[in-house]
Amino acid sequence: MTNLRQPEDFRFYGFFGSSGTPVLTDHTMRMSKIISCLAMLSVTVCACSPLQGENVKKVDICVYGGTSAGVIAAYTARQAGKSVLLIEPGRHLGGMSSGGLGYTDIGNKYVIRGLALDFYRRLGRHYGKLEQWIFEPKEAEAVFNEYIRRADVEVWYDSRIVRAANRGGVIRNITLENSVSPRSSPRRTVRAKVFIDCSYEGDLMARAGVSYTVGREGNERYGETYNGAQRMNGHQFPDGIDPYIVRGDSASGLLYGINPDPILPDGTGNKKVQAYNFRIALTDRPENRVEITRPDNYDPQRYELLVRLKEKLPWKTPYDVFIWSRMPNGKTDINNSGGFSTDVIGENWNYPEADYPERERIRRFHEDYTKGLLYFIGHDPRVPDSIRREMLRWGYPKDEYTDNGHWTHQMYVREARRMIGPVVMTQHHCLGEETVTDGIGWAAYTMDSHNCDRHVVNGMVKNEGNVEIGGFGPYPVSYRAVTPRAEEARNLLVPVCLSASHIAYGSIRMEPVFMVLAQSSAIAACQAIDRCGGCVQRVDVAAVMDEFAGNPLADGSQPELFVDNSDAENVVVSGDWKTEKNAWSAYGPDFLSDDSKGTFPKSLRYVPRLPAGNEYDIYVYFPKVGGATTHTLIRVFDGARRYDRRIRSSDVVVEGQTGGEWVRIGRYRLPEGRKGYVEISNEEADGIVVADAVLFIPARSEN
């Protein structure tokens, strides 16, 4: 592929002062000799010897950050027989996947494989389905904890990095402090052959002296069109919202949350970071509801812009200013929506490089703001009485976050540092204009950025930074995007704060994708130790993906077989079917449909080559379509006998960000080879018949 980066004129970050606070420096790196000098200087500044009294732990692989990616990386490496330590600065595992983001952002489920898919399958078993992509926080955390238990992974909670010793491009060790009592607790040191940074902030990466950036590149940097400052219509204020404390009087000052600086021209690079928020779990079930009370540091003037917005767009329901997604058991996953909502625009710019006390201040401000917004809508007299009464029906779930006042432990850090590696993923990769050949996972979501700032434009309030550009198919994410340059760190992998431009990161940064990249990274780490002297840049990517495909659950079990309608080798098509190019509804790029109601006999026969005789659970994927037949005839042949099943349209219950659903046909013993099949027919149809994908899952014991 063509590498869009140039070797010079990079911003280099990673120096730290004596206090551990990051200090931004700007260098041009024209020669490898300069890079080596900088790496050595980084060691001089931040790679101190362990302090007296520090404990030293030695492992093969150290994973930093107990996010969803961190758990999957640690589990994968441990199942491969490596000694593993997982370090989590807080007290909970799973990051956003257990922190309230239960309405999973996917793009296309087809690209989610391995343990990431297994995670949603395990949630599916809990909820009585094959897969569950919308779920309660506590159930997600229980699955992550079970991974750790099953693999016997050692976890250090309440531990955060303060130093990394990088000598000659090899991270020798990292030093940790207790995040609850940093002054009174002894520090600990970890030595590992390979480190994997799975934190949302990229703290290990930065302290190791690896190049990174923060904010938005200008469009000219990588020849993009959607990067830098952007003023689009999404999540925007309508015209006519007055920005001044005293309406019409600029001398009175601006309302809270408005930046007095002039708005930047579109495409201009800057260090502003897209807004963070909390994904909010509430419930309307009285027996499980905790009242939303007035939070600390409550300031109703923070919400004056909401009052003015609703004067322009009058209230209809409390849900007007939220994405209010329903979760199982009467709960929600609430996200930002519109010009004024849960995004705390402009309050997080310092977060990626802030020291720990400042990060805690920012997190606390976000919590106060968000709880205050919920309280405001339920109690402020400027909100219509009917809206307040409806809002008061909701409260925090008693059975969620029980050790944290029923409030999530994880702020939604949508983007922080982004590594600058050998390959930078850009808009061109998202759109398919550039394709990497060393993919270790796939992304499929819209190029998405939340607003970064709020300004006065022509005397009116306007948000800046929102971008939502979709309409493209899945694309591979390069292995070189999760590896630093070899001269900077040869034993580090970064699957979360990976190398991508701001706008490309907005497409990649989805929890399922992080988990896939983390599993691939863990396999690569093991192979680096076993075959490459610990050097991750020397790993054979094809060998990594072969191992991923051959052992997707990292436990040696027989992989499932997936047969899509477009698989000419394993599908026999009878009759003239219509191809529906609908990435939203399809499992994969398309599906087939027929509306002849059986007038012209048609069928699709799925004939997989099974590696072994076994009992298989068979599932058929049903895209959701209007006018679907009330029942679909499906035949299963086991090599000796044919079984007819009729699936009713009422059996296809579609939930979450997906336009289709797997339906179980049953468990059948199928012979080795191609002696069995599954057939979808239009016989007996009274509406549209759809044919998409069939899944053959080897029966295995559940653990």
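Okay, let's start at Arg187: this residue is partly exposed, with a relative accessible area of 24%. For the cut-offs, buried means under 20% relative accessible area, exposed means over 50%, and partly exposed is in between, using a 1.4 Å probe and protein chains only. Before going on: this is a predicted model, where local features need pLDDT of at least 70 and side-chain atom pairs count only at pLDDT 80 or more, while totals for chains, interfaces and linings use all residues. Residues are numbered from 1 along each chain as its sequence is written, and side-chain values use heavy atoms, with hydrogens and water left out.

So who does Arg187 pair with? Its side chain meets Glu177 in a salt bridge, 3.6 Å from N to O. That pair links distant parts of the chain, with Arg187 in the loop between strand E7 (170-178) and strand E8 (188-197), and Glu177 in strand E7, 10 residues apart. Glu177 itself counts as buried, at 9% relative accessibility. By salt bridge I mean a side-chain nitrogen of Lys or Arg within 4 Å of a carboxyl oxygen of Asp or Glu. Strands and helices are DSSP runs numbered from the N terminus: helices are H or I with at least four residues, strands are E with at least two.

Now, two pairs inside helices. In helix H3 (residues 114-127), Arg122 and Asp118 are 4 residues apart, so about one helical turn separates them. Their closest N and O atoms are 2.8 Å apart in a salt bridge. Both ends are covered: Arg122 is buried at 15%, and Asp118 is buried at 8%.

Zooming out, a search of the whole structure finds 60 salt bridges. There's also a network of them linking Asp242, Arg247, Glu304, Arg308, Glu311, Asp380 and Arg382.

Last stop, helix H12 (residues 511-531). Just after H12, Gly533 takes a positive phi of about 60°.
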